[in-house]
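Please examine the sequence and the model shown here before reading on. The account that follows moves from the whole chain to individual contacts.

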Amino acid sequence: MVSHSLRFAALAAVLLSSATPAADAFVARDSNATVRARVVELVNAARSRGRKCGRERFPAAPSLNVSRDLNDAAADHARDMARKKYFEHRGRDGSQPKDRVLRAGYESRLTGENIALGPESAEEVVAGWLDSPGHCANIMDARFQDIGVGVATGRGRGQIYWVQNFGLPMKAR
């Protein structure tokens with residue numbers, strides 16, 4: 001009887017540990033791919049529930065699909081900001097998000113971008129975006145189908161540049 005209880009307790013512990021949320025993904029500790037994947041996971045979790053962004057209410061929205069082209073556009077812009085020490089949606093070459101997304105090969109009907117500077121983890125950056133009405137609205141916009149994430153680190157402490165691109169492809173799926 002005792003061994004049965006112990007087996008049940010061990011099985012329960014395994015099941016409970018597999019149901020726990022993923023650990024925080026830190027830029028300084030985890031791979032770029034792990035951090036980017038965690039951002040997507042957190043964004044899709046946020047989209048799975050209705051949410052108020054500022055004064056605007058958004059219903060739950062479908063999960064976003066990762067786009068290699070949007071990842072490339074986001075990573076390129078994050079690296080450019082880190083190398084050239086600026087923080088803006090407009091690139092140093094004068095490009096806007098829609099220009100960079102197209103240059104990366106993504107043909108879109110609609111494009112959105114969130115940027116951040118400083119957060120050290122995926123959890124921190126997504127929480128900050130969700131607390132900002134405009135960034136939150138991009139995350140919750142049900143018209144978007146695809147996402148790309150880029151992260152780059154500058155030379156100074158706290159110089160972690162984040163870019164999140166959203167897209168609605170030109171060709172309907």
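Residues are numbered from 1 along each chain as its sequence is written, and side-chain values use heavy atoms, with hydrogens and water left out.

The protein chain has six helices and six strands; these are DSSP runs numbered from the N terminus, with helices being H or I of at least four residues and strands E of at least two. Read from the N terminus, the order of the elements is α-α-β-β-β-α-α-β-α-α-β-β. Of the 173 residues, 42% are buried (under 20% relative accessible area, 1.4 Å probe, protein chains only). Among contacts (heavy atoms within 4.5 Å) with a separation of 6 or more, 68% join residues 24 or more positions apart.

Confidence is expressed as pLDDT, the predictor's value for each residue from 0 to 100. The mean pLDDT of the protein chain is 88, and 87% of its residues reach 70 or more. Over residues 1–21, however, pLDDT stays under 50, and the model has zero contacts beyond four places in sequence for this stretch. Where pLDDT is low, the predicted coordinates should not be read in detail.

Helix 5 (residues 122–131) packs with helix 6 (residues 133–140) at an angle of about 105°, their axes being 5 Å apart. Axes are lines fitted to C-alpha atoms, for helices over the stretch in contact, and angles run from 0 to 180 degrees between N-to-C directions. The two helices are therefore roughly perpendicular to each other (65 to 115 degrees). Trp129, Leu130 and Asp131 of helix 5 meet Pro133, His135, Cys136 and Ile139 of helix 6.

Within helix 6, the residues Cys136, Ala137, Asn138, Ile139 and Met140 are buried. The buried residues of helix 6 pack against helix 5 and also against other elements, including helix 2 (32–47), strand 4 (108–117) and strand 6 (160–169).

Beyond residues up to four places away in sequence, alanine 122 touches Ala25, Val35, Arg38, Val39, Leu42 and Trp162. The C-alpha atoms of alanine 122 and glutamate 41 are separated by 9.6 Å, although the two residues lie 81 residues apart along the chain.

Methods. Predicted model: local features only at pLDDT ≥ 70, side-chain atom pairs only at ≥ 80, totals over all residues. Buried < 20%, exposed > 50% of the residue type's maximum accessible area, 1.4 Å probe, protein only. Parallel < 35°, antiparallel > 145°, perpendicular 65-115°, else oblique.
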